[in-house]
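User: I am new to this structure and would like to learn how to read its features. Could you take me through them step by step?

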Amino acid sequence: MKEKVNISEISYSSGKVKIVGIGEVAMGKDGEVLVAISLGSCVAVVIYDEKRKIAGMAHVMLPSRSKEEIPLERIGRYADTAVSFIVSSLLGMGSKISDLRAKIAGGACMFKFIQDIRPIGERNVESVKRELRRWNIPIMGEDVLGDYGRSVEFYVGDFRMVVKTKYGRRVIR
Amino acid sequence: MKKEGIKELFKDALREIMSIAVGKATNSLTDFLGKLTVLEISSISLIKVEKLPKLVSNPEEVLSVLTFRLRGDIGGYLLLISKTDEMKKLAKYAITKYLGERDYDEEFEESAIREIGNIFCSSFCTAIGEFMGFMVRSEPGEYSVDMAGAVLNSLAPIFEQMEILYAIRTKVKVEGEKISMEVLYLPDRNALRKIARVIRGVNR
């Protein structure tokens, strides 16, 4: 469903909003909104627990880490470490794997000239999906690939993902 | 000289190179458009790769962005960012100058915008090449009308290994008009290394 409304329901400066920058991870609870602004090739992956109304969002920049050891602050940068980190955090907060669900958005290819390798956005999406499969976490909704930017809001209370693009606003329920 | 002093000297040199290159590109643009374009003083920010989208004041704002990959001795990316209506006005100047008053469609307008970018970027590369003694060339640019932050977001993985980026920027304005274009150069690691060697007087 695409609505021709290009405004947000929330103010990004509100205390209930957590902005998740490139390579960052944030956890949220009922009433909070996790936001990733202006994704290009990056992917926002949200893993949430419907029973406990808790969630985590990562703003993934690359499919996988190049080194085995990475500093903690870069854990959200790579699909493999980001998904594991969110899952571990949710388990630590009392979730069970069987209660976890995911929604993802992003992974665009904004430049046609970078065609000497497979587009990074496509590889990011593929890697995030692979990691979610590895944990047996079903993807309940997605808005991925294409050639346009996206901003993503995830409402932890009702698990809505709102994707804003230059074309309008799409709600993934 | 202390490390901080060297860093400041390096930044001054980068600013100077940017001013020379954009100065030459601005002259070419003036010739091409038949409108006097002027540039502002360059500035440099050192930013973490994760903060790339914050180089624009509102990353969600839909703007016109021309992106060029530079290759040769000096690599990196050159971006020309402007409000879309202002970019369209530049295209109109060029079309009117060469073809007179006429109707044109979006495709024609877009190709004029790309041409403006190509002229600007190739002059930029020539100026750096002449000034530094390097061979610099650009690939055909990418034109996006989208969230400017998303374009910058897509450059972040390319610079992943650098961690800290030098963002050198300036603004080009059409004199007497409300038209401006942000010029942003993101040199890659190799470019920074080569420029540093030239500044230190080491062989190229």
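Predicted model: local features only at pLDDT ≥ 70, side-chain atom pairs only at ≥ 80, totals over all residues.

Analyst: Begin inside chain B, where B:M87, B:K88, B:L90, B:A91, B:I95 and B:L99 of α2(B) meet B:F108, B:E109, B:A112, B:I113 and B:I116 of α3(B). By class, this contact has nine nonpolar, no polar and two charged residues.

User: At what angle do helix α2 and helix α3 of chain B pack?

Analyst: Angles of 65 to 115 degrees count as roughly perpendicular. Helix α2 (residues 84-99) and helix α3 (residues 106-132) of chain B pack at about 95°, and their axes are 9 Å apart. The two helices, α2(B) and α3(B), are therefore roughly perpendicular to each other.

User: How much area do chain B and chain A bury between them?

Analyst: The size of an interface is often given as the accessible area lost when the parts come together. Here chain B and chain A bury about 2,300 Å², with 54% of it on carbon and sulfur atoms. Of the area that chain B buries against chain A, 24% comes from B:E60, B:E142 and B:N153, more than from any other three residues. The contact takes 29 residues from chain B and 31 residues from chain A.

User: How many salt bridges are there between chain B and chain A?

Analyst: The count is six. One salt bridge joins the side chains of B:E163 and A:R74, at 3.4 Å from N to O. Polar contact between the chains comes to 16 residue pairs.

User: Which element gives the largest share of the side of chain B that touches chain A?

Analyst: That is α4(B), with six residues. The residues on this side of chain B divide into 14 nonpolar, six polar and nine charged.

Notes
Residues numbered from 1 in each chain as written. Chains lettered and ligands numbered in written order. Heavy atoms only, no water. Contact = heavy atoms within 4.5 Å. Buried area = accessible area lost by both parts, 1.4 Å probe. Salt bridge = Lys/Arg side-chain N within 4 Å of Asp/Glu carboxyl O. Polar contact = N/O pair within 3.5 Å; in protein donor to acceptor, adjacent residues only side chain to side chain. Helix = DSSP H or I, 4+ residues; strand = E, 2+ residues; numbered from the N terminus. Nonpolar A, V, L, I, M, F, W, Y, C, P; charged D, E, K, R; others polar. Axes fitted to C-alpha atoms, helices over the stretch in contact; angles between N-to-C directions. Parallel < 35°, antiparallel > 145°, perpendicular 65-115°, else oblique.
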